[in-house]
Every structure is written in structure tokens, then in C-alpha cells.
Amino acid sequence: MDSHDVIILGGGLVGLTLAIALERHGLTAAVVDPLDPEKALAAGFDGRASAIASASWRMLDALGIAETLKPHGCAIHRIEVRDGLQKDALDFTTAEDDEPLGYMLENRTLRQTLREAALGARGVTLHMPDRAASVERNEAGVRMTLASGKQIRGQLLLACEGRKSPTREAAGIRTAKWGYDHVAIISAFDHTKDHNNIAHEIFYSAGPFALLPLNPGTRSALVWTVGPKDAEGVLALSERAFLAEVTKRAGGLLGEISLAAPRSSYPLDFHHATRITAQRLALVGDAAHGSHPIAGQGLNLGFRDVAALVEVLVDGARLGLDLGDAQLLARYERWRSVDTLAVSLATDTLTRLFGIPGKPATAIRRFGLGAVQKLAPLKSIFMAEARGTSGDLPKLLQGAVV
């Protein structure tokens with residue numbers, strides 16, 4: 001039976017980052033995921049792109065991954081927020097000598113880089129594709145039999161399986177959840193105007209419409225939120241009709257556009273686990289929480305989980321503690337529960353606020369955006385949230401090893 005310090009269920013963006021971060025600090029990890037890596041890396045598997053906040057980027061830099069990613073990442077130096085196509089926007093702009101607010105990266109590129117780093121890490125063992133046939137968590141540790149017949153054990157089980165985490169359900173951990181009656185339409189397009197490293201968030205009553213800069217300067221990712229009844233129709237539009245609808249909502253910000261990627265969609269919802277730990281178990285990333293992508297914080301919240309959990313476990317290992325010690329898990333729970341709930345509820349509030357139709361609501365929203373634009377201290381708070389630098393930051397998010 002192979003022995004590891006931890007067993008990670010889920011080899012997605014968060015699970016692989018967690019395994020690499022633990023290995024960089026001297027701990028060993030087995031990663032189990034049923035998805036064939038070749039399918040996950042195929043061009044049509046996931047057309048999404050992610051905004052990596054500056055704090056998350058510091059962690060990737062500390063782990064030696066950012067250098068490989070940087071040629072593929074598009075820096076975000078400015079975010080413009082509008083209620084509809086109002087002329088004046090609330091903008092968050094970095095100083096010339098400051099780091100970017102974050103970087104836009106295609107998920108496929110990030111996944112490929114993380115997999116290569118994990119394969120090169122001596123303390124990481126990948127069981128992909130494979131799945132857990134049986135799992136036993138008790139006072140002695142964690143034992144797992146895989147579908148392939150292999151048996152592995154560890155001190156702690158880390159669930160990074162995503163929103164529908166079977167491990168969370170099996171542990172009896174309840175979640176608060178609701179749907180948004182929204183579907184996100186995902187694509188990418190080329191345009192005639194340079195995006196100048198600006199991310200645009202345009203709020204319509206039907207849902208937010210985001211234009212996110214990619215490399216080169218004349219390509220952007222699209223996240224268009226529509227109602228479920230409209231999603232099927234939008235996906236069925238001809239290419240010409242689809243581009244016409246996108247052009248109308250973009251308001252000419254990027255000039256003439258042409259499709260650079262297929263269209264895809266996924267439903268949007270909110271969920272938050274009532275607790276994120278149990279006996280020798282910790283939930284990480286979407287297994288613990290999921291929010292509307294209105295502020296691009298989903299993956300970054302998962303990275304914040306990773307940074308906090310790594311610091312907790314490394315500190316515990318240096319003290320000679322069992323990694324499944326209840327005190328260590330309680331520290332992780334305290335550190336992450338308040339932050340994730342606060343961010344999730346904030347995005348939920350924004351989604352509902354900007355979804356109220358009518359002229360009075362529009363007038364109030366535009367007044368609020370104008371007020372934030374004029375109040376420097378309030379604007380700084382929002383910029384810190386966008387960067388992921390608010391609150392009690394783990395060392396990895398500060399760019400330092402633990």
C-alpha cells in the first residue's frame with residue numbers, strides 16, 4: 001500500500017495547485033481524478049478563461065509556475081464597470097509602477113502547465129484517470145482503494161472535486177444553495193480595436209456582460225449571462241446573428257468583431273458548505289463554495305483556500321503534528337469560512353442589485369457607481385478585493401514560501 005502525507009480527490013486547477021504547493025514545502029500528495037488528462041487538455045474541452053488575481057499570481061510565482069504562464073497571460077491594468085452602456089464608467093486603474101490587477105489565462109493553458117509541474121514534482125503521484133472505489137477515514141488515518149485496484153493511504157483527505165463533490169455529500173456536510181436563473185454563454189473573439197489591457201463589465205438587467213482581455217491585444221474572452229430560456233436560442237443563433245447581438249451589447253468598445261472560439265454554456269448557482277472540515281477531511285475550492293462569476297473570484301477563492309491550507313499543514317508538520325489533527329483543521333476552517341462567505345454574499349448582492357429592472361433602480365445604481373468613482377478610500381477597498389489582497393493573507397499570497 002502506497003503511503004502519502006495527503007490524498008487529494010480532484011485533479012483540476014485547484015487540486016493540482018494544492019498538490020504542487022504541498023510538494024514544494026516537503027509534503028507528499030496523491031492526486032486521484034476520474035477524468036482522462038488527454039481529454040481535459042483537448043482544445044474543445046473547456047473554452048473558458050480565468051482572471052488570476054494579483055495575489056493568486058504571487059502564489060503561482062512563489063511555486064515557480066508563473067514564469068511559464070506569463071508569456072500566455074494577458075495583464076489586466078484597468079477594469080471598467082458600467083450599468084448598461086452609460087458613457088461614464090467606474091474604473092479601477094493601476095499605477096504605472098504597480099503590478100497588474102491580475103492576468104487573464106485560458107483554462108487549457110493553466111491546466112497544461114499545472115499538469116506538467118505536477119508530473120515533474122517527485123512528491124506528487126497522479127492517479128489519473130482513476131477513482132476512489134472505497135474510502136475509510138478514522139482515527140488512524142485515511143485508506144483508499146482505487147477502481148484500478150491500487151491501495152493508498154494518507155493522514156488527510158482533501159476534496160477538490162468541484163461543486164457536486166461526492167465526498168462532501170458522503171460526509172453529510174450540508175450546503176446552502178440556490179440557482180440564479182442565469183446561464184453563462186462563453187466564447188472568445190477577435191476585434192479591430194486594441195483592448196489596451198482593459199476588462200469591461202457591463203451590467204444589464206438580464207445579467208452581466210463581460211469582455212476580458214486576452215493575448216494578443218485584439219482578442220478578448222466573452223462571458224455573457226442570459227436567462228435559461230434565452231440560452232438555447234443564443235447558442236442556436238447563426239454566427240452572423242450571434243456577432244450582431246454581441247456587438248450591440250458591447251457598444252462598440254472593441255470595434256468590429258469576429259469569432260475566435262466556439263460557443264458553450266454552463267448554469268450559474270450559489271452554494272456554500274455549512275462547514276469545510278470533518279474527521280481527516282478538508283474541502284477546498286468549489287467543493288466548499290461556489291458563487292456567481294460576476295466578479296471573477298471563483299478560482300481565486302479556491303487559490304486562497306490552497307494558500308491557507310498549505311500554511312496550516314506545513315506549520316503543523318514542522319511541529320510534528322499529525323496532518324489530520326483536529327486543531328489544524330479547525331484553524332483552516334476559521335481562516336477560510338468568514339472570507340469565502342463574505343465574498344460569496346457580496347457577489348450575490350451585486351448580482352441581485354444589478355438585476356433589478358426599471359429607471360429608478362438604474363438611477364440609484366449609476367449614482368452608486370459615481371460615488372465610488374469619486375471616493376478614493378472606497379475605491380481602494382474595491383481594488384484590494386479585485387487583487388485578492390484584503391484580509392489576513394497567507395504567506396503564499398504575499399509571494400513568499402511558508
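The model is predicted, so local features need pLDDT of at least 70 and side-chain atom pairs count only at pLDDT 80 or more, while totals for chains, interfaces and linings use all residues. Residues are numbered from 1 along each chain as its sequence is written, and side-chain values use heavy atoms, with hydrogens and water left out.

**Exercise 1. Two helices side by side**

Work out how helix 1 and helix 9 are arranged relative to each other.

Solution. 
- Begin with the elements: helix 1 covers residues 13-24, and helix 9 covers residues 298-318. Helices here are DSSP runs (H or I, at least four residues) and strands likewise (E, at least two), numbered from the N terminus.
- Next, take the axes, which come within 10 Å and cross at roughly 25°. These axes are lines fitted to C-alpha atoms, for helices over the stretch in contact, with angles from 0 to 180 degrees between N-to-C directions.
- That angle makes helix 1 roughly parallel to helix 9 (angles under 35 degrees count as roughly parallel, over 145 as roughly antiparallel, 65 to 115 as roughly perpendicular and the rest as oblique).
- Now list the partners: L13, V14, T17, L18, A21 and L22 of helix 1 meet L299, G302, F303, V306, L309, V310 and L313 of helix 9. Contact means heavy atoms within 4.5 Å.
- Finally, sort the residues of this contact: 11 are nonpolar, two are polar and none is charged. In this scheme Ala, Val, Leu, Ile, Met, Phe, Trp, Tyr, Cys and Pro count as nonpolar, Asp, Glu, Lys and Arg as charged, and the others, Gly among them, as polar.

**Exercise 2. The surroundings of A317**

Find where A317 lies and which residues it touches, not counting residues up to four places away in sequence.

Solution. 
- A317 sits in helix 9.
- Its relative accessibility is 34%, so A317 counts as partly exposed (buried means under 20% relative accessible area, exposed over 50%, partly exposed in between, with a 1.4 Å probe and protein chains only).
- Leaving out residues up to four places away in sequence, A317 touches L27 and L323.
- L27 is 290 residues from A317 along the chain, yet their C-alpha atoms are separated by 8.5 Å.

**Exercise 3. Salt bridges**

Count the salt bridges in the whole structure, then look at some of them.

Solution. 
- The search finds 17, where a salt bridge is a side-chain nitrogen of Lys or Arg within 4 Å of a carboxyl oxygen of Asp or Glu.
- E23 and R24 pair at 3.3 Å, N to O. E23 is buried, because its relative accessible area is 18%, and R24, at 39%, is partly exposed.
- E80 and R82 have their closest N and O atoms 2.9 Å apart, and both residues are buried.
- R219 and D190 form a salt bridge with closest N and O atoms 2.7 Å apart. This pair links distant parts of the chain, with R219 in strand 17 (residues 219-226) and D190 in strand 14 (residues 175-191), 29 residues apart.
- R219 has a relative accessibility of 25% and is partly exposed; D190, at 23%, is partly exposed too.
- R58, D98, E99 and R387 are linked in a network of salt bridges.

**Exercise 4. A loop residue**

Is S165 buried or exposed, and which residues does S165 touch, leaving out those up to four places away in sequence?

Solution. 
- Locate S165 in the loop between strand 13 (156-159) and helix 6 (166-170).
- With a relative accessible area of 0%, S165 is buried.
- Beyond four places in sequence, S165 touches A159 and A287.
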